[in-house]
Every structure is written in C-alpha cells, then in structure tokens.
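Thanks for passing this one along. My notes follow as numbered points, to be read with the structure open beside them.

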Amino acid sequence: MTDVPFADRFAGFCAAVVRVLPFGLSRLVAPSFLGFVIINGFTFGVDLGLLTVFHGSFGWPVWLAISVSYVLAFGLSFVLNRALNFRSHAPVGRQAVLYVVAIGVNYATFLLGVGAGLAALGMEYHLSRLIAGACEGVFMYSVMRWVVFAKREEPAFSA
C-alpha cells in the first residue's frame with residue numbers, strides 16, 4: 001500500500017463529497033469550499049472555546065477575549081488551509097502578508113463591528129460571535145481562494 005499524504009486524502013475526500021451533492025450543487029460547490037467549511041468549522045470551535053475560557057472563566061473584557069481567541073484560531077486556520085485545503089507550495093511570506101491584511105479587514109468589520117457591536121447592544125456574546133462568524137466565513141473563503149492562495153502564473157522565460 002502506498003502512503004498517500006494526508007493533504008491529498010483530505011482533498012480527495014472533499015472532491016468525492018462534492019461529486020455526490022444533490023440538486024446540481026456539485027456544479028456550484030468547489031471542493032475547496034467544502035475543505036474551508038471543514039477546517040474553519042473546526043477552527044471556529046477553537047475560537048469559541050478560547051473565547052469562553054478567556055471571557056467566561058478568566059473574566060477578560062469581551063473585546064480582548066474576542067481579539068486573542070481570533071488571532072490564535074486564524075493562525076491555525078491559515079496553517080491548515082495552506083497545507084490541507086489549498087495545498088500551496090508558494091512562498092509563505094507573500095501569502096502571510098495578504099492573509100494578515102485580510103484578517104485585519106475581517107477583524108475590524110466583522111469581529112469588532114458585528115460581533116462586539118451586537119454584544120455591546122445587549123446580545124449574548126456567543127450569539128453575536130456566531131452571527132459575525134457567518135459573515136466572516138463568506139469573506140474569508142473568497143479572500144483565501146482568490147487572493148491569498150490564488151494560483152499565480154509562472155513568469156514567462158525571456159532570453
């Protein structure tokens with residue numbers, strides 16, 4: 001039996017699941033979207049768990065608990081999406097810079113704007129984070145697929 005790298009098995013699993021989606025969804029859903037949902041569903045759970053520990057157990061202010069749990073979870077998301085989902089072998093430096101810019105925009109807009117904003121208006125902080133998470137999911141998948149991990153064409157060799 002040949003050893004198939006985990007990243008290839010993950011990609012194969014996502015492609016196989018997408019192929020059998022009903023109602024013509026297999027033509028609309030990219031395997032990388034399913035991979036993103038799986039990975040970011042996991043890292044979102046890490047985010048919520050850390051938020052609960054930092055705010056609920058340690059008593060940190062909501063804005064600080066959201067910020068620290070967000071940074072830790074999105075660092076994990078970057079590593080897992082790069083290795084398993086988008087299987088990128090491009091230099092990590094440029095991707096990391098683009099990702100930091102994207103999470104900065106995402107953080108200000110969705111986490112603080114929507115998440116902390118709704119909590120400040122009186123919504124329970126877990127619910128406000130779930131709503132913000134739905135918004136950020138659409139944004140982050142789009143940015144990761146078409147900007148951060150976009151396939152770049154090799155420059156043409158000219159003599």
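**Notes on the fold and its aromatic pairs**

1. Read along the sequence, the pattern is α-α-α-α-α. That amounts to five helices and zero strands in the protein. Please keep in mind throughout that this is a predicted model.

2. For overall dimensions, the C-alpha atoms fill a box of roughly 60 × 45 × 35 Å along the principal axes. The protein has 159 residues, and 36% of them count as buried. Its accessible surface comes to about 9300 Å², with 73% of that belonging to carbon and sulfur atoms.

3. On charge, I would note 10 positive and 7 negative side chains. The centres of these two sets lie 6 Å apart.

4. The UniProt record, an unreviewed entry, places the feature "transmembrane region" at residues 60-84, 96-121 and 127-148. Residues 60-84 are 92% helix and 0% strand, with the end C-alpha atoms 33 Å apart. Residues 96-121 are 96% helix and 0% strand, and here the end C-alpha atoms lie 34 Å apart.

5. Now to the rings: how many aromatic pairs does a search of the whole structure find? The search gives 13. One to look at is Phe58 with Trp60: the ring centres are 6.0 Å apart and the planes meet at 50°, so this pair is tilted. Planes under 30 degrees apart would count as stacked and over 60 as edge-to-face. As for accessibility, Phe58 counts as exposed because its relative value is 51%, while Trp60, at 27%, counts as partly exposed.

6. A second pair worth a look is Tyr70 with Phe74. Their ring centres lie 4.6 Å apart with the planes at 35°, so this pair is tilted too. Are these two residues buried or exposed? Both Tyr70 and Phe74 are buried. Why are they separated by about one helical turn? Because Tyr70 and Phe74 sit four residues apart in helix H3, which covers residues 62-85.

Note on methods
Residues are numbered from 1 along each chain as its sequence is written. This is a predicted model: local features need pLDDT of at least 70, side-chain atom pairs count only at pLDDT 80 or more; totals for chains, interfaces and linings use all residues. Side-chain values use heavy atoms; hydrogens and water are left out. Rings of Phe, Tyr and Trp (its six-membered ring) pair if their centres lie within 6.5 Å; planes under 30 degrees apart count as stacked, over 60 as edge-to-face and the rest as tilted. Buried means under 20% relative accessible area, exposed over 50%, partly exposed in between (1.4 Å probe, protein chains only). Helices (H or I, at least four residues) and strands (E, at least two) are DSSP runs, numbered from the N terminus. Accessible areas come from the Shrake-Rupley method with a 1.4 Å probe; for residues, only the protein chains shown count as cover. Lys and Arg count as positive and Asp and Glu as negative; His and the chain ends are not counted. The place of a charge is taken as NZ of Lys, CZ of Arg, CG of Asp or CD of Glu. UniProt positions are given in the numbering used here, feature names are shortened, and annotations may be inferred rather than shown by experiment.
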